[in-house]
Amino acid sequence: MSSVRQQIGLDVGALKARDTEDVIVGKEIIRHRLSSRVIHWLVADFFFLCAATGLPVFSPVFGWLGNLFGGLAVCRVIHPFAGLAFFASAAAMFLHWKREMQMTAQERGWVGPKLLEYLRDKANHDQIGKYNGGQKVFFYTAALAALGFLVSGVVLWFPLTFAGFLRQLAILVHNVTFIAFFVSIVFHIYLGTTAEPGTFNAMTRGTVSKAWARIHHPKWYRELMGTDK
Ligand code: HEM
C-alpha cells in the first residue's frame with residue numbers, strides 16, 4: 001500500500017492535516033490542522049507588517065524600511081489598518097486555541113518568581129502535554145499584547161479626540177508593548193526553528209515525528225499512542 005502511495009505521490013499525512021489534528025498517520029503525528037496554521041501565519045504576517053510600517057514612524061533610523069512601502073507617508077496610512085488586521089487575527093487565534101491553552105495548577109508556576117525553578121524542573125517534564133507552560137504563557141502574552149496595541153493604537157490614530165496625557169500614556173504603552181513583545185517573538189522564532197529541530201514542520205506541513213513528540217511533549221505522545229511510556 002505504501003509503495004502505491006509513493007508511486008502516485010500521495011502524501012497522506014499532509015492531506016489528513018487539512019482538517020484533523022492529534023492523530024497518528026504512519027510515522028508522523030498531526031499536530032496542527034490547516035485552520036490553526038493559516039490563523040498562525042496571518043497573525044505572524046500582520047505582526048511583521050505592523051513592525052515594518054511602524055518602525056519608520058518611530059524613528060528615522062528605520063527610514064530604509066519605510067522606503068520599501070513607498071515612504072513614511074504611506075507607512076502612516078498602512079500601519080493602523082495592518083494593526084486592525086493583526087488584532088482581528090490575534091483575536092481569532094485566541095478563540096481558536098483558548099481551550100487547549102488553559103493552564104494547569106502546576107503550569108501556573110511558569111508565571112512569577114518560581115519561573116527559573118520550573119525551567120530547570122526535569123522531574124515534571126514527563127507531564128508536559130500538547131503545549132508546555134512556556135508556550136501557554138507566550139499565547140496569553142500575544143493576546144495581551146494585541147489588546148495593548150489596539151487600545152493605545154486607537155488613541156494615537158485619533159489624537160484630537162483624546163486628552164494630552166492619554167496620548168502620552170498611549171505612546172508609552174505602544175512602545176513598551178512593542179519592545180517587550182518583540183523580545184518574546186525573537187525567543188519564539190528561535191525555539192520554533194533552530195533550537196528544536198522538527199518544530200517548524202508543525203506549523204508548515206502540520207506534522208511532527210513520533211520521536212519529536214516523545215521528547216518534547218511526552219504526555220501528549222502517551223495519550224495519542226495509548227501507552228504508558
Ligand atoms: C517567523 C515567525 C514565526 C515562526 C517561525 C513561528 C513558529 C511557530 C511554530 C513552529 C509553532 C508551533 C510550536 C509547536 O507546535 O510546538 C508556533 C506556535 C505559536 N506561534 Fe508562532 N511563529 C512565528 C511568529 C509568530 C508570531 C508573530 C506570533 C504572535 C504574534 C506567534 C504566535 C504563536 C503562538 C501563540 C503559538 C502557539 C504557542 C506556542 O507554540 O508557542 N508566532 N509558532
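The model I am reading is a predicted one.

**Entry 1: overall fold**

I first looked up the range of the contacts. Of those in the protein chain with a separation of 6 or more, 58% join residues 24 or more positions apart. I then listed the secondary structure and found eleven helices and three strands. Along the sequence, I read their order as α-α-β-β-α-α-α-α-α-α-α-β-α-α. The C-alpha trace spans about 65 × 50 × 30 Å along its principal axes. I noted that 20% of the 229 residues are buried.

**Entry 2: domains**

I looked up the division of the protein chain and recorded domain 1 (17-31 + 105-229) and domain 2 (34-97). The contact between them takes 13 residues from domain 1 and eleven residues from domain 2. On the side of domain 1 that touches domain 2, α7 gives the largest share, with eight residues. By class, I counted that side of domain 1 as nine nonpolar, two polar and two charged residues. The centres of the two domains, taken over C-alpha atoms, are separated by 19 Å.

**Entry 3: helix α5**

I checked the length of helix α5 (residues 72-97) against expectation. At 1.5 Å a residue, its 26 residues should span 38 Å, and I find the end C-alpha atoms 36 Å apart, which agrees. Next I asked which residues of α5 are buried. I listed C75, H79, A82, G83, F86, F87, S89, A90, M93 and W97. For the spacing in such a list, I keep in mind that an α-helix has 3.6 residues a turn, so residues three or four places apart point the same way. The cover over the buried residues of α5 includes α3, α4 (63-67) and α7.

**Entry 4: ligand surroundings**

I looked up the shell around the ligand and found 19 residues, of which the closest are A44, Q135, G192, A202 and M203. At least two residues of the shell come from each of α3 (34-58), α7 (133-157), α8 (164-195) and α9 (200-204). Which helix supplies the largest share of the shell? I recorded α8, with five residues. By class, I noted twelve nonpolar, six polar and one charged residue in the shell. Domain 1 and domain 2 each contribute at least three residues to the shell around the ligand.

Definitions and conventions:
Residues numbered from 1 in each chain as written. Predicted model: local features only at pLDDT ≥ 70, side-chain atom pairs only at ≥ 80, totals over all residues. Near = placed C-beta within 6 Å. Helix = DSSP H or I, 4+ residues; strand = E, 2+ residues; numbered from the N terminus. Nonpolar A, V, L, I, M, F, W, Y, C, P; charged D, E, K, R; others polar. Domains from an automatic or database assignment. Expected span 1.5 Å × (residues − 1). Buried ≥ 20, exposed ≤ 12 C-beta atoms within 10 Å, placed from the backbone. Contact = placed C-beta atoms within 7 Å.
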